[in-house]
Amino acid sequence: MTDEAVLRVRDLRVWYGTERGPVRAVDGVDLALVPGETLGVVGESGCGKSTLGRGLLGLLPEGAKAGGEVRFRGTDLFELSGRALRELRGPELGMIFQDPLTRLNPLWRVSEHFEELLRTHCPDISAEQIRHRSLATLRRMGIPPTRYRNYPHEFSGGMRQRIMIALGLVLNPAVLVADEPTTSLDVLVEAQIIRLLADLRRNFDTALLLITHNLGIVAEACDRVAVMYAGHVVETGDAREVFAAPAHPYTRELLRSTISLSTTGLHYIPGAPPDLVDPPPACRFHPRCPDAMQVCATRDPVTVSPRPGHRVACWLHGPAEQVGAGGDAPLVREEIDVADEA
Amino acid sequence: MPTRPEPAAGAATVLDVADLRVHFELRGSFLGRLLGRDAGSVQAVDGVTLSLRHGEVLGLVGESGSGKTTLGRALLGLVRPTAGSVCYRGTDLAGLRQAQLRPLRQRIQMVFQDPGAALNPAMDIETAVGHPLRIHGLVRDRDELRDRVHDALRRVGLVPVERFASKYPAELSGGQQQRAVLARAIILGPELLVADEPVSMLDMSVRAKILELMLDLRRDLDLSCVYITHDLATAKFFCDRVAIMYLGRIVEIGPTERIFADPAHPYTRALLAAVPEPDPTRTLTRQLPRGEVPDGVDPPGGCSFHPRCPHAFAPCGWEGRDVRALLEQRWTALDEADYAAEQALFADLAELDVRGSRLRIRPAASRSAESIRALLEQVRVGDPDEPLWRGVRQVSVADGACVVDFVEGVDPNLGPVDEGAVACHLYDPAYR
């Protein structure tokens, strides 16, 4: 977390208005992205991962409100005009979505997608330069130049996602947000795309925020990980270190409940993520936490740093003087029905 | 001939599938149909033979386009096979009419991927779960219906029953909806459950719970299961035996333990290496098969996995399109000028997309066939380990074209290996 961060988020809050009251999808998140790093964001559905990803680009759905700040190279995105923000998107801030087919225009050739994009953002670019830059980026993504004039439907799902990533990278943005980029792909193609994203760090200076529900992908493609629960980031740190020794009980239980090839027994987290209209008080995970203490139900956890670069918001890690006398006594949890689940 | 492991003595065979084929005709263009042109067909299931023993869980594992879902639907009598048979306890489902299938539906039930789509949004859970009982006329009165529905709901963990019985699907979470679907599937007391990706749409924190429930149901109700999935990790956990499918065929089948500990088919090995693991000590494997599952309308010759297979050799079915793929692969790594120069040699790259063991490549006007031959030779010298060259007999120049002769491709049959069977020439004694 040095000052070289290209994107720095402080106390980001995003909430949606509903009939029942505001849904606080992102509720006080601090993050920093350094050039060239890949940060994975994981958590169950409904924990605010996608809202966070869009918020980082200043993209908010209709009716949503945001607070806090998202500083891109020192400029707060929320203070920019709509026009100034749009000018940043593309050349500086890019996004890759889950389903490439719905994001490519079926009536346009691949070449036309690149032409439109490059002409919009670089008005003086020549046709020759467009071709050169587009083909160079496509090649890096493994798309042969012979396919440059093809239409989206002539490509397989994996090729389309490669084209989407090439479109995201051709302007060489400083920050790229990828929201579940491999979820609709097959096992082998997913692995190919993950390797492509892992190689990005070496070939481009782009900082990548990778949103996924798959912990395996984070372990394989990310430098750092941020674990989200109910709108909060509960743990961040080096991906390998966090997975080797998770500090937050939610991270640990999430890892245990993932069914992988090395799984020998089934584990799960009882209950479901809370309704964000009315989240539990204090630590939001305490009703589901096997390690919950008295203090967890009464006071918001403090973010501490057990080792450099690793931050966790959980009373198990102190600070001890704030836990108070008797605060560390086990919390008697309310019984959670078997069928109370996501 | 395809062989399969014999069922263990004493265990009755529930399902017997023999050389099952399901082909879907393509409609083609309007003009084409008018002129009676054949638009071709997709061989979604292309000669599958397998059996399921009583009490067993068999996994059908494959990527999209492997035919696993179509096979699953054929097991339920939901699609009509083009050829072959699906026998449930000796009755061939293929020849039955709807009315004759109906009594069998009490014995064979299904669970699909999306529980939200499987439940009628206008029906509360009690009505939905009790629906099969009413359709089959198996209850005398309302009280009996309610008792049996409540029993089923308790069995799948939707307790307290009063809290869930009157709910509508939209009021339940994904996991709860899938429990309701399971309750409806077991209420008739079936013997066989076909589950198509039952946990894929659920959040990871719930998958384990639903899998555990399915394991409990299987044990308590003495169910036999067919578990269809693309997810090797859950298949490893849930299945006794696994069949790996690729483009409509079983390429490997065997006991789960053997398949995962010692995968035989290169495709199985690749799938296992590709599963992302949340293990901080594991490093990324770089050796992934290139490309993607090809189009089922015109599958590759010989072994349909050969274009992606790192171990492919002479008899695997090399053909013209593989040469084109190799050239295109090479061109992604060349700079623009070199690419333009090489591409300009060819009259029409589409000519390379031919089947058969002889490929004629015409040079562009003012270019020579010899320059194409020289380019291919340069490619070969650049990467002599490329599997394609193992299948090339000779590259020559004849009649103004560059001619590539391939070794005749042979379609691999499912042959026995230690515990199970595999369809791969690597295991064929004839090629050792």
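This is a predicted model: local features need pLDDT of at least 70, side-chain atom pairs count only at pLDDT 80 or more; totals for chains, interfaces and linings use all residues.
Let's start with a helix pair: the axes of helix α5 (residues 157-169) of chain A and α6(A) come within 10 Å of each other and cross at roughly 20 degrees. Axes here are lines fitted to C-alpha atoms, for helices over the stretch in contact, with angles running from 0 to 180 degrees between N-to-C directions. Angles under 35 degrees count as roughly parallel, over 145 as roughly antiparallel, 65 to 115 as roughly perpendicular and the rest as oblique, so α5(A) is roughly parallel to α6(A).

Residues are numbered from 1 along each chain as its sequence is written, while chains are lettered from A and ligands numbered from 1 in the order in which they are written.

From α5(A), the contact uses G157(A), G158(A), Q161(A) and I165(A), and from α6(A) it uses V189(A), Q192(A), I193(A) and L196(A). Contact means that the C-beta atoms, placed from the backbone, lie within 7 Å.

Helix α6(A) turns up again where the chains meet. There, 50 residues of chain A are in contact with 46 residues of chain B. On the chain A side, the elements giving two or more residues are α4 (127-140), α6 (187-203), α7 (215-221), α8 (239-244) and α9 (249-257). The top contributor is α6(A), with eight residues.

Now for the strands of chain A. Strand β1 (residues 7-18) has antiparallel partners in β4 (residues 64-72), through eight bridges, and in β2 (residues 21-33), through ten. Strands pair if DSSP finds at least two bridges between them. R13(A) has G67(A) as its bridge partner in β4(A), whereas L7(A) stands opposite L33(A) in β2(A). A hairpin is formed by β1(A) and β2(A), with two residues between them.

Over in chain B, an open sheet of four strands runs in the order β2-β1-β4-β5 with antiparallel pairing. Its edge strands, each pairing on one side only, are β2 (41-53) and β5 (91-92) of chain B. Helix α2 (residues 68-75) of chain B packs on this sheet and touches β1 (13-25), β2 and β4 of chain B. The direction of α2(B) makes about 60 degrees with that of β2(B).

Definitions and conventions
Two residues are in contact if their C-beta atoms, placed from the backbone, lie within 7 Å.
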